[in-house]
Amino acid sequence: MSFKFLQTRAAKLLVLAGTDRLDKELTIGQMQGKFQLSILADSGHTIQEDQPEQVARVLFQFWQRNQPLVLPKRTVPSPRQASGTS
């Protein structure tokens, strides 16, 4: 499962209650910057129920950082416009 998570070609966030849940592949991937790791201490097995506000904050910040960049549309002049003829 860790291998498939790391091979996904998208921004990744892993929210855990502690680092003891990281296996070798995830530890190496985290050190290489392949995903964002967020540790919410004082949580049990169901982090989203134990700390819903913190989970929402982490998800929102992750979403903000990983929004697609929207560039303004660039117009290219037609050959007629470029040569100055009408």
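This report describes the fold, the nonpolar cores, the aromatic pairs and one serine of a predicted model.

## Basis of the model

The model is predicted, so local features need pLDDT of at least 70 and side-chain atom pairs count only at pLDDT 80 or more, while totals for chains, interfaces and linings use all residues. Residues are numbered from 1 along each chain as its sequence is written, and side-chain values use heavy atoms, with hydrogens and water left out.

## Overall fold

The protein has five helices and two strands. Helices (H or I, at least four residues) and strands (E, at least two) are DSSP runs, numbered from the N terminus. Along the sequence their pattern is α-β-α-β-α-α-α. The radius of gyration, taken over C-alpha atoms, is compared with a globule rule of 2.2 Å times the number of residues to the power 0.38. The protein has a radius of gyration of 22 Å, well over the 12 Å that the rule gives for 86 residues, so it is more spread out than a compact globule. The C-alpha trace spans about 70 × 30 × 20 Å along its principal axes.

Of the 86 residues, 23% count as buried. Buried means under 20% relative accessible area, exposed means over 50%, and partly exposed lies in between (1.4 Å probe, protein chains only).

## Nonpolar cores

A nonpolar core is a set of buried Ala, Val, Leu, Ile, Met, Phe, Trp, Tyr and Cys residues joined through side-chain atoms within 4.5 Å. The largest one has seven residues: Leu 13, Ala 17, Leu 40, Ile 47, Val 55, Val 58 and Phe 62. Helix H4 (residues 52-65) gives the most to this core, with three residues. Another core lies apart from it and has six residues, among them Leu 6, Leu 16, Leu 22 and Leu 26.

Contact means heavy atoms within 4.5 Å. Not counting residues up to four places away in sequence, Val 58 touches Leu 13, Val 15, Ser 38 and Leu 40.

## Helix H2

Helix H2 covers residues 24-31, and Asp 23 caps its N-terminal end. A side-chain oxygen of Asp 23 lies 3.3 Å from the backbone nitrogen of Glu 25. After H2 comes Gly 33, whose phi is positive, near 75°.

## Aromatic pairs

There are two aromatic pairs in the structure. Rings of Phe, Tyr and Trp (its six-membered ring) pair if their centres lie within 6.5 Å; planes under 30 degrees apart count as stacked, over 60 as edge-to-face and the rest as tilted. The ring centres of Phe 5 and Phe 35 are 5.4 Å apart and their planes are at 70°, so this pair is edge-to-face. Phe 5 is in helix H1 (residues 2-7), and Phe 35 is in the loop between H2 and strand E2 (36-39), 30 residues apart. Phe 5 is partly exposed at 23% relative accessibility, whereas Phe 35 is buried at 7%.

The rings of Phe 60 and Trp 63 have centres 5.6 Å apart and planes at 35°, so this pair is tilted. Phe 60 and Trp 63 are three residues apart in helix H4, and are therefore separated by about one helical turn.

## Ser 43

Ser 43 lies in the loop between E2 and helix H3 (47-50). At 17% relative accessibility, Ser 43 is buried. Its side chain has a polar atom 3.1 Å from the backbone oxygen of Leu 40. The side chains of Ser 43 and Gln 51 form a polar contact of 2.7 Å. A polar contact is a pair of N or O atoms within 3.5 Å; within protein, one must be able to donate a hydrogen and the other to accept it, and residues adjacent in sequence count only if both atoms are side-chain atoms.
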